[in-house]
Amino acid sequence: MLSVVERFVSINGEGAHAGELAAFIRFRGCNLGCSYCDTKWANNKYAVAVDYTAARLTSWVAEQRIKNVTLTGGEPLLQDEIDVLIDMLVRRGHRVEIETNGSIPIDRFANSSARPVFTMDYKLPSSGMEIAMRRDNFKLLNKHDTVKFVAGSTADLHRALEIIEQYRLCERCHVYLSQVFGKLNPAEIVNFMLDNEMNGVRLQLQLHKFIWSPERRGV
């Protein structure tokens, strides 16, 4: 069974398919505690959730007539049967995107014949969770995947630049810089990108937080 706190259809607010329709499934529970987390309500192990089988969730997605599926959380890779769900969805022709926090090994998913697309965070210093990052995941990413850096300070931007250059991420996958919403001015990120000639890196703003209230769920 998989513990789901919400499921809905909206647009992807982030990533390479931002602006496209997607069916979202948000799972309960996370192994990290980032300072700026905007889904803390879903991370609590006591959060209200409904347990579904992978087959039932696959049927729900089919009913929506949507190709893109975003599995998010919390941390979706903590779910015991997440691999079963991914396999079912991919084999039915869906583009399955996993939003993962960067602390979980992805090798068994990346090497699967029913491989999902990864949008993987690298937690910067202001998150308080950088120590949990598994940089060995980088070597498993490809041109369809994304590494996302959410920056809340200038120090975060400098750290993101170090990691991007050290692991040559722009040669491997999509790379995005984003703001901790309300903490860092997007113009400051753009200026940093200009000053450091960050070709291949994209500024990302969370579309759903501009279209709807930043606190609104189900969008």
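Guide: A residue is called buried under 20% relative accessible area, exposed over 50% and partly exposed in between, with a 1.4 Å probe and protein chains only. On that scale D87, at 28% relative accessibility, counts as partly exposed, whereas R91, at 54%, counts as exposed. The model is predicted, so that local features need pLDDT of at least 70 and side-chain atom pairs count only at pLDDT 80 or more, while totals for chains, interfaces and linings use all residues. Residues are numbered from 1 along each chain as its sequence is written, and side-chain values use heavy atoms, with hydrogens and water left out.

Nine strands form an open sheet in the order β3-β1-β2-β4-β5-β6-β7-β8-β9, and their pairing is mixed (two strands pair if DSSP finds at least two bridges between them; strands are DSSP runs of E with at least two residues, helices runs of H or I with at least four, numbered from the N terminus). The edges are formed by β3 (50-52) and β9 (201-204), each of which pairs on one side only. On average, neighbouring strands are turned by 30° against each other, direction ignored (axes are lines fitted to C-alpha atoms, for helices over the stretch in contact, and angles run from 0 to 180 degrees between N-to-C directions).

Helix α2 (residues 54-64) packs on this sheet and touches β1 (2-11), β2 (21-27), β3 and β4, its direction making about 10° with that of β1 (contact means heavy atoms within 4.5 Å). Further along the strand order, β4 (residues 68-72) and β5 (residues 95-100) pair in the parallel sense over four bridges; T70 has E97 in β5 as its bridge partner.

Helix α5 (residues 154-166) lies across β6 (117-122), β7 (146-151), β8 (174-179) and β9, and runs at about 160° to β7. Six bridges pair β7 with β8 in the parallel sense, and A151 stands opposite Q179 in β8. Together β7, α5 and β8 make a right-handed β-α-β unit (right-handed: with the strands pointing away from the viewer, the path from the first strand over the helix to the second runs clockwise). Five of the six residues of β8 are buried, which leaves this strand mostly covered.

The parallel strands β8 and β9 are joined by four bridges, and V201 in β9 is the bridge partner of V175. Between these two strands the chain passes through helix α6 (residues 186-195), and this β-α-β crossover is right-handed as well.

Charged side chains complete the picture. The whole structure contains 13 salt bridges (a side-chain nitrogen of Lys or Arg within 4 Å of a carboxyl oxygen of Asp or Glu). One of them joins D121 to K123, with the closest N and O atoms 2.7 Å apart. D121 is buried at 10% relative accessible area, and K123 is buried at 7%. Through shared partners, salt bridges join E14, D121, K123 and K148 into one network. Another salt bridge connects R91 and D87 at 2.8 Å, N to O; both residues lie in helix α3, four residues apart, about one turn of the helix.
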